[in-house]
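Me: I have a protein model to read and I am new to this. Can we go through it in short steps?

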Amino acid sequence: MFDHPMPRTFQNRFSTQYRCYSVSMLAGPNDRSDVEKGGKIIMPPSALDQLSRLNITYPMLFKLTNKNSDRMTHCGVLEFVADEGICYLPHWMMQNLLLEEGGLVQVESVNLMVATYSKFQPQSPDFLDITNPKAVLENALRNFACLTTGDVVAINYNEKIYELRVMETKPDKAVSIIECDMNVDFDAPLGYKEPERCYKAPEEPTEEGDPSTWTDMDMRFRAFTGSGNRLDGKKKGIEPSPIPIDPSDIKRGIPNYEYKVGRITFIRNSRPLPRKTEDVRRHKIQFIAFSGEGKSLRKKGGRKP
């Protein structure tokens, strides 16, 4: 019966349960607010001892599961300084897992594919106030190890916390973002409304009205309607008032019915030329060179002796 001994199998996956608490419950003189700004947890030293005995790949990535609510997410590890049986999570991660202080969470080691694409949806229109949101998000994701589709991550910028939902990740629903070249896209923020644009309807051209209705323009500027002043200071006559415009003086423009798009027509003055100008033009046309008569300084009749 001992001819075929059963081979021994070694467990190569880390899996255990911890009671989780938020980072604010971590005892110590140092401020650990850096844990809240990322997607990594703090585990006990025994976890490091167990992980070093297993044949796991680096970087260390873990899957966190709340079996009571069937919620899960993924994270990295920051330090191994927690008390035994306890792990500390960022507050936003506990909200995604629906965990309360002291709740049980299942921690398992996993291998994730490297991310190539991710899409985020800001949970508030205030995120649009950031001048360069992609640069802000890229800087914040340096504190994260992985992303999970459906999670709502929190980033801190200018002493304000912005929440973003992970809408999509490629090539898998959970990806590693350590040393990767990832394309980032944004969806419209939750509750965002496009600004309404007011389009004015083009006004229809009105028909030419009665010239008697144009008398509203009778107070416009007219040249040489002012009053003059004398050097001796005397006033003569009554100061003139603006002369009303006679409707018959208003001339309407004549449209160019031969207008073609893309062509500019320069209209010249077609009034008949004065008579004197016409005579000059005829004279110029009839001009013949060297056709004049010469004159001599000497008198006619011959030379005196």
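Me: Which residues do ring pairs link into a cluster?
Reply: This is a predicted model. Here ring pairs join three residues into a cluster. They are Phe127, Tyr162 and Phe186.

Me: What kind of aromatic pair do phenylalanine 127 and phenylalanine 186 form?
Reply: Their ring centres are 5.7 Å apart, and 45° lies between the planes. Planes under 30 degrees apart count as stacked, and over 60 as edge-to-face. An angle of 45° makes this pair tilted.

Me: How many residues apart are phenylalanine 127 and phenylalanine 186?
Reply: Phenylalanine 127 sits in the loop between β8 and α3. Phenylalanine 186 sits in strand β13. The pair links distant parts of the chain, and the separation is 59 residues.

Me: Is phenylalanine 186 buried or partly exposed?
Reply: Buried means under 20% relative accessible area. Phenylalanine 127 has 3%, so it is buried. Phenylalanine 186 has 21% relative accessibility, so its label is partly exposed.

Me: How many aromatic pairs does the structure hold, and why is the pair of phenylalanine 14 and phenylalanine 62 given its class?
Reply: The structure holds 4 aromatic pairs. In the pair of phenylalanine 14 and phenylalanine 62, the ring centres are 6.1 Å apart. Planes over 60 degrees apart count as edge-to-face. The planes here are at 75°, so the pair is edge-to-face.

Me: Which parts does the pair of phenylalanine 14 and phenylalanine 62 tie together?
Reply: These two residues are 48 residues apart in sequence. Phenylalanine 14 is buried at 0% relative accessibility, and phenylalanine 62 is buried at 0% too. Phenylalanine 14 lies in the segment before β1 and phenylalanine 62 in a strand, so the pair ties together that segment and β3.

Me: Where do the buried residues of helix α3 fall, seen down its axis?
Reply: Helix α3 covers residues 133-140, and Val136, Leu137 and Ala140 are buried there. Seen down the axis, the buried residues fall within an arc of 95°, so they line one face of the helix.

Me: What covers the buried residues of α3?
Reply: Cover here is a matter of contact, with heavy atoms within 4.5 Å. The cover includes three strands: β8, β10 and β13.

Me: Which residue lies over the face of tyrosine 117?
Reply: A charge sits over a ring if it is within 6 Å of the centre and close enough to the ring normal, within 35 degrees. The distance here is 5.1 Å from the ring centre, and the residue is lysine 170.

Me: How many helices and strands does the protein have?
Reply: Buried residues make up 27% of its 305 residues. Its secondary structure comes to 4 helices and 13 strands.

Technical notes
Residues numbered from 1 in each chain as written. Predicted model: local features only at pLDDT ≥ 70, side-chain atom pairs only at ≥ 80, totals over all residues. Heavy atoms only, no water. Buried < 20%, exposed > 50% of the residue type's maximum accessible area, 1.4 Å probe, protein only. Arc of directions from axis to C-beta. Phe/Tyr/Trp six-rings, centres within 6.5 Å; stacked < 30°, edge-to-face > 60°.
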